Amino acid sequence: MDVGIYTEVSLILLAAVVLGAIGLLMRQPLIITYILLGIVLGPSGFGLVQSQDVVALLAQVGIAILLFLVGLELNPSYVRRIGPVAVATGLGQLTFTIIIGFLLILLLGKDWLTALYIGVALTFSSTIIIVKLLTDKHELDTLHGRIAIGFLIVQDIAVVVALVAMSVLGGGQTGTQGLAQVLGEIALKLAVLGAGMYLAMRFLLGWLLRFLARSLELLLIFAVAWAVGLAALGDWLDLSKELGAFLAGFALSASHFRDAISTRLAPLRDFLLLFFFIYLGMKFDLATAQQEWFTALVLALFVLIGNPLIVMVIMGAMGYRRKTSFLAGLTVAQISEFSIIFIAMGMSLGHVGEDALSITTMVGLITIALSTYMILYSQPLYQRLERFLKVFERREPFAEKRFEAEELTDAPYEAIVFGLGRTGRRVLQHYHAQGIRAIGVDYDPEAVAAMHAEGIPALFGTAEDQEFVLGLPISAAKQLVITLPHLDDIQELIRTVRGTSFDGRIIAVARSEADARALRAMGVDDLVNPFELACEAILRLTRRE
């Protein structure tokens, strides 16, 4: 029975609400529930969704908006600094994953061409899912978040090269000459696109945004049109929609209207990404999965464990701390939808069979599901594994020292502020305005750089690094202000501070009543719950005289 596209989409949304509510009760990530919904509604389930083209279109627009917002949040000056580690880690992970994966698949009994195809497919991680998870955890602006986005963009470019190379093979251009032509065409297209973006940023976008900002509604429509339009341009140039959408956001990242655009597009992004995860679940085929489950399980374990280890080895060798390497490495513990597309293209060319597609699809679902939990619970996971990860850190993690531009002076600081988000930044600025010697600490290099630009001392570092914390002038301080978002990080910091001779006040921000109870039990002197303060302020304003 054909119920019509409108009714079908409305039923999908209703089912998403019901299954999502069940997922919340079971404390499951919404990503997993949406993928499961796609399996249930798709061909492998009840086959209730007939308008798959509509779902696919909404999913593609959602991806464009997501990557547009990622580009919007990247500061061009920061990209220049973070570029080397992103390129080195991205290319290194691609190389080692292909080699090790190829040999592993050969050992599992596959022919060399199938092994090569699947080995390449295992290198691509899902930028969309990682960005969504890091955004939900408020870790997109941390050092490991920025590095992860950097090498995921490198992977996206590698995807473009692989897919275009495959299309050339399909067209009969083989050999060294054909491959050189492909790479030359890609380089030329990227150069032309980059030059066009530079000219637009220099001479057009600033004036245009100031004009459109007279109407916030029109500014929002322009942002969507700009994101989707450049995604379409990237697709037309045979690069990728994802790369075009990312560059669209990057072009506006230096604009004063960045925050206004980002805030208004976030709900639209979340709504449209629902269809992406449902569409991903619809692609799963239960019938063919039964034949290759063992091979898929072995390869899934390789992606879940091997890919993060490869990233940790590379970043450790480059001088990054083991926690930064670990958290960044978790972001490559899954494969992406492009992996399935790549195998499907090889299958259309007659290079691989249905078994390769079945294996890759299963690996995708297993790794996406499990890596979601690994990333969501990355902090407690790191605490359990920390003692085993020392081998991935040099004695002197020199790479992160580049961000520690501020040197501690001999003069004591009266206050130390941990966390330079909106609250911590305002507190540190207040201390500075009052003539109180205070210093800030944050794991976001951009937040530290912003304080330096104002002439306010700040250090790049993580509150969970005991060696770093013990190197701070804590003993002479009279106040410690902690505005960190995660309870585990606050507790670890307090335990470290208690081991010193510090005898001043500890002021902490509690995000919930449960957090407040836990921090009171640790002897925190003063607790601030911003939500309760907001409620009390509103009640005072509305109280009748």
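Colleague: What makes Glu386 and Arg322 a salt bridge?

Modeller: In this predicted model, the closest N and O atoms of Glu386 and Arg322 are 3.6 Å apart, and a salt bridge is defined as a side-chain nitrogen of Lys or Arg within 4 Å of a carboxyl oxygen of Asp or Glu, so the pair qualifies. Because Glu386 lies in the loop between helix H18 (378-385) and helix H19 (398-401) while Arg322 lies in helix H15, the pair ties together parts that are 64 residues apart in sequence; helices are DSSP runs of H or I with at least four residues, numbered from the N terminus.

Modeller: As for the source, this is a predicted model in which local features need pLDDT of at least 70 and side-chain atom pairs count only at pLDDT 80 or more, whereas totals for chains, interfaces and linings use all residues. Residues are numbered from 1 along each chain as its sequence is written, and side-chain values use heavy atoms, with hydrogens and water left out.

Colleague: Why is Arg322 called buried, and why is Glu386 called partly exposed?

Modeller: Buried means under 20% relative accessible area, exposed means over 50%, and partly exposed is in between (1.4 Å probe, protein chains only); Arg322 has 15% and is therefore buried, whereas Glu386 has 28% and is therefore partly exposed.

Colleague: How do you know that Lys323 is buried?

Modeller: The relative accessibility of Lys323 is 6%, so Lys323 counts as buried. Lys323 touches Gln379, Tyr382, Thr462, Glu464 and Asp489, not counting residues up to four places away in sequence, where contact means heavy atoms within 4.5 Å.

Definitions and conventions: Helix = DSSP H or I, 4+ residues; strand = E, 2+ residues; numbered from the N terminus.
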